[in-house]
Amino acid sequence: MKRPELISRILIVTGILLAIGAPLLLWARTPLIHARMAENGGWNPDVIQAEAGKSLHLKLTSDDVVHGFAVGQMDMQSVDVIPGKVTDITLTFDKPGIYTFFCTRWCGLNHWRMRGTIEVSGSPLDPEPASVPLYVSLDLDIDAPHDSSIIPNQKPSAVSGQQLATQLPITSYQSPDYYRSHSPYQVFTDLSDTSLTESQKWDAVAYLWQSNTTPESLANGKELYAQNCAACHSENGAGDGVFADDLAEAGEASMQTMEGAMDMVMQSPVDFTDPRRMLGASPALLQGKILRGGMGTGMPMWGVIFTEEQIWDLIAYIYSFQFEYEK
Ligand code: HEC
Ligand SMILES: [Cu+2]
């Protein structure tokens with residue numbers, strides 16, 4: 001074999017190796033993320049680095065049961081993470097920041113604890129000032145009791161309320177600012193100057209609540225609720241979802257330890273069909289609870305998962321357990 005021939009052969013072989021090897025190498029270097037139930041360690045790794053504007057490849061697998069993967073505040077379909085299989089995904093982040101990824105399958109009581117972060121570096125093109133949530137700017141104590149001292153005899157009807165609309169000083173009441181910062185009970189008491197009966201006032205409140213939402217927003221809230229909240233608060237809102245008993249047991253157990261005695265104690269999920277509790281809560285207060293969570297009560301924090309709009313949609317849906325809306 002003459003020398004130049006040998007060299008060209010070597011070159012061809014390296015060429016082929018590079019063509020196959022480089023993507024393979026890249027693929028091999030893509031981190032493999034293992035999912036496990038929270039009690040077995042959750043995601044590993046649970047912190048991932050990325051750069052804004054560049055694609056991030058991830059490989060996902062599960063070491064126990066089927067989990068799901070999605071990134072909060074990002075418009076993406078969740079993907080299944082299956083034991084013994086590797087799922088490939090590619091994500092691109094427009095803006096730098098800390099994103100939360102989370103499990104989207106109800107894998108157990110601590111399912112919602114399966115969270116990790118993606119740290120996206122890069123310079124923001126147009127830095128947006130962080131907005132202060134409404135419950136903070138209103139200086140609400142979201143842990144204070146907020147029961148409504150008067151409750152309606154039957155579910156207030158938005159349709160009946162609408163018929164009273166002309167008799168109401170209600171136009172000013174229809175602004176989103178007013179709605180978000182008042183509980184239904186506060187609006188009910190604000191209507192005390194009118195000549196309406198008690199049940200008419202409640203109907204007017206139902207109408208006001210309905211006119212501050214849209215069918216799309218309610219439908220979106222319903223879907224988010226079914227996926228993320230129903231396992232504890234139950235599909236019908238009554239607070240007896242499949243995990244409610246487990247939460248109660250965990251609560252009793254935590255009461256018996258020093259740690260439990262000092263922290264907020266695990267509680268049963270709130271019953272959204274209870275008028276005393278829910279008619280006394282303003283949208284801003286519910287926003288606070290959902291954003292921040294219960295801090296030890298078993299109510300997860302959702303601020304890193306949902307966008308502000310998604311949270312208002314959830315709130316609109318939660319109130320629909322209290323009011324009869326137009327079909
Ligand atoms: C793992 C169980 C669990 C899940 C999942 C859960 N919650 Fe809760 N939630 C609770 C518990 C327990 C409470 C009562 C303790 C508290 O208020 O901190 C509660 C309380 C609340 C409250 C407070 C109501 C009030 O009057 O103070 C709101 C609002 C709420 N949840 C909304 C939601 C929404 C919306 C979701 C879904 C995005 C959700 N929860 C998912 C367990 C859960
Ligand atoms: Cu999971």
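This is a predicted model: local features need pLDDT of at least 70, side-chain atom pairs count only at pLDDT 80 or more; totals for chains, interfaces and linings use all residues.
Q: How many residues surround ligand 1, and which are the closest?
A: There are 26 residues around ligand 1. The closest are Cys229, Cys232, His233, Thr297 and Met299.

Q: Where should I look for polar contacts to the ligand?
A: Look for pairs of N or O atoms within 3.5 Å. Thr297, already named among the closest residues, has a polar side-chain atom 2.6 Å from an oxygen atom of ligand 1. The side chain of His146 places an N or O atom 2.8 Å from a ligand oxygen. For the side chain of Lys289, the corresponding distance to an oxygen atom of ligand 1 is 3.1 Å.

Q: Now to the helices. What describes two packed helices?
A: Two things do: the angle between their axes and the distance between those axes. Take α12 and α13: their axes come within 10 Å and cross at roughly 120 degrees. Angles of 65 to 115 degrees count as roughly perpendicular, and the α12 and α13 pair is therefore oblique. Their crossing is right-handed.

Q: Which residues make the contact between α12 and α13?
A: On the α12 side they are Pro283, Ala284, Leu286, Gln287, Ile290 and Leu291. From α13 come Glu308, Ile311, Trp312, Ile315, Ile318 and Tyr319. By type, this contact has 10 nonpolar residues, 1 polar and 1 charged.

Q: What is the crossing angle of α7 and α13?
A: Helix α7 (residues 215-228) and α13 cross at roughly 90 degrees, and their axes come within 7 Å. The two helices are therefore roughly perpendicular to each other. The contact uses Ser217, Leu218, Asn220, Gly221, Lys222, Leu224 and Tyr225 of α7, together with Gln310, Asp313, Leu314, Ala316 and Tyr317 of α13. Here the division is 6 nonpolar, 4 polar and 2 charged.

Q: The backbone can be read too. Which peptide bond is cis?
A: Omega is the angle to check. The bond from Asn44 to Pro45 is cis, with omega near -5 degrees. You will find Pro45 in the loop between β2 (43-44) and β3 (47-51).

Q: Where is Gln73 found, and what is its phi?
A: Gln73 sits in the loop between β5 (67-71) and β6 (79-81). Its phi is near 55 degrees, a positive value in a residue other than glycine.

Methods: Residues are numbered from 1 along each chain as its sequence is written. Chains are lettered from A and ligands numbered from 1 in the order in which they are written. Side-chain values use heavy atoms; hydrogens and water are left out. A residue is near a molecule or strand if one of its heavy atoms lies within 4 Å of it. A polar contact is a pair of N or O atoms within 3.5 Å; within protein, one must be able to donate a hydrogen and the other to accept it, and residues adjacent in sequence count only if both atoms are side-chain atoms. Axes are lines fitted to C-alpha atoms, for helices over the stretch in contact, and angles run from 0 to 180 degrees between N-to-C directions. Helices (H or I, at least four residues) and strands (E, at least two) are DSSP runs, numbered from the N terminus. Angles under 35 degrees count as roughly parallel, over 145 as roughly antiparallel, 65 to 115 as roughly perpendicular and the rest as oblique. A crossing is left-handed if the near helix is turned anticlockwise from the far one by less than a right angle, and right-handed if clockwise. Contact means heavy atoms within 4.5 Å. Ala, Val, Leu, Ile, Met, Phe, Trp, Tyr, Cys and Pro count as nonpolar, Asp, Glu, Lys and Arg as charged, and the others, Gly among them, as polar.
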